[in-house]
Amino acid sequence: MQEVMDDRVVIREEVRPRLKHWLIRFAMQDKSTLFSLIVCCLIVVLTLIAPWIAPFDPEKSVADSLIAPNAVHWFGTDNTGMDVLSRMLYAPRIIILISLGSLAVAILFGVPLGLIAGYYSGARGLLGKLSEGLMRFFDVLQAFPIFVLAMILMSVAEPSPISLIAVISVVNIPIYVRLMRSEVLQLRKKLYVDAARVIGNKEINVIIKHVLPNAMEPILAQASVTIGMSALLISGLSFVGAGISPPTPEWGSMIAIGASDVIYGYWWPAVFPGLGLGLTVYCFALLGEGVRKFAKPTANVDSGK
């Protein structure tokens, strides 16, 4: 028993340096990845510590309307007298939570459906028809522009975080279905998959143990991009009044509140949330590209990158 315990301790000690080395190599592979990782981590940290660092209540008027940035209100106030900086600090909380929730649901449903659609593509019988039917359904779903589809779905649901998670999940599921399907179509022809079948593994075991682990690289790379695009979609819906409603702090609704005052020279209520949203989407996209390059370094070398 003592020997088993010692072995576990040794394995745990070996894994920690390996994980630390992996994280360092990922972060330092290029400047854009390091920059995006720092900014994304900062955004996540802000979602956790916003209640302790925000100078004012983000949902209450604390001063006169449209005060320019100054020593007290660093980002000024909007046309309702709410402090823009405090609302900026709180805004990532709801956006990141909804984005992560919708991402989890999209992967939970999209990956298994993509496995089925790819592994049984062209097969005879019920599973082959199911694979074909799934892809035709998602073809119809993706025929709608993403924003239009999200607005249609939100029109039949009450604007709330739960509704947004459900709607954005529906929009994102086809992306993961197609990604997984394209990977599985290539992997199912590999020799190790044929070997797994030959030695008597059931189809479900072949899919879960041999195909799925090797098909997850593009899913991991897409996950970061999906968070950024979900944030953009949430803000777009909130901007037109179909997402998060004021006074809840959210970048899209903040831009909508401040947009009408920009032409009069009051730029700060709309510009600061717009910069926050743009930086978030950009950095999560960069992070996804960093994951892709790190997962397939040989592909970058072969392509001359």
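A nonpolar core is a set of buried Ala, Val, Leu, Ile, Met, Phe, Trp, Tyr and Cys residues joined through side-chain atoms within 4.5 Å. The exercises below use a predicted model.

**Exercise 1. The overall make-up**

Task: State how many helices and strands the protein chain has, and what share of its residues is buried.

Solution: 
- Step 1. Count the elements. The protein chain has 12 helices and zero strands.
- Step 2. Turn to burial. The chain has 305 residues, and 40% of them count as buried.
- Step 3. Look at sequence separation. Take the contacts with a separation of 6 or more; 69% of them join residues 24 or more positions apart.

**Exercise 2. The nonpolar cores**

Task: Find the residues with the most contacts inside the largest nonpolar core.

Solution: 
- Step 1. Size the core. The largest one holds 60 residues.
- Step 2. Pick out the residues. Ile98 and Val211 have the most contacts inside it.
- Step 3. Ask which helix gives the most. Helix H3, residues 84-119, does, with 13 residues.
- Step 4. Another core, of six residues, lies apart from the largest one; Ala50, Ala54, Leu85 and Tyr90 are among its members.
- Step 5. List the partners of Val211. Not counting residues up to four places away in sequence, Val211 touches Leu115, Tyr119, Val184, Leu187, Val193 and Val206.

**Exercise 3. A serine in a helix**

Task: Decide whether Ser169 is buried or exposed, and name its contacts.

Solution: 
- Step 1. Locate Ser169. It lies in helix H6, residues 161-187.
- Step 2. Apply the cut-off. Buried means under 20% relative accessible area. Ser169 has 2%, so Ser169 is buried.
- Step 3. Name the contacts. Leaving aside neighbours within four places in sequence, Ser169 is in contact with Ser102, Val105 and Ala106.
- Step 4. The Ser169 side chain reaches the backbone oxygen of Ser102 at 3.3 Å.

**Exercise 4. Helix H10**

Task: Compare the span of helix H10 with the expected one.

Solution: 
- Step 1. Count. H10 covers residues 251-262, which is 12 residues.
- Step 2. Compare. H10 reaches 16 Å from its first C-alpha to its last, close to the 16 Å expected at 1.5 Å a residue.
- Step 3. Check the start. There, a side-chain oxygen of Glu250 comes within 2.8 Å of the backbone nitrogen of Gly252.
- Step 4. Note burial. The buried residues of H10 include Trp251, Met254 and Asp261.

**Exercise 5. The largest pocket**

Task: Say which residues are closest to the centre of the largest pocket.

Solution: 
- Step 1. Give the volume. It is about 270 Å³.
- Step 2. Sort the lining. Of 15 lining residues, Leu46, Met88, Trp251, Gly276 and Leu279 are closest to the centre.
- Step 3. Assign the largest share. H11 supplies it, with five residues.

How values were computed. Residues numbered from 1 in each chain as written. Predicted model: local features only at pLDDT ≥ 70, side-chain atom pairs only at ≥ 80, totals over all residues. Heavy atoms only, no water. Buried < 20%, exposed > 50% of the residue type's maximum accessible area, 1.4 Å probe, protein only. Helix = DSSP H or I, 4+ residues; strand = E, 2+ residues; numbered from the N terminus. Contact = heavy atoms within 4.5 Å. Expected span 1.5 Å × (residues − 1). Polar contact = N/O pair within 3.5 Å; in protein donor to acceptor, adjacent residues only side chain to side chain. 1 Å grid on protein atoms, 1.4 Å probe; cavity = no way out; pocket = protein on both sides within 12 Å on 5 of 7 lines; lining within 4 Å. Points joined across faces, edges and corners; volume = space filled by probe spheres on them.
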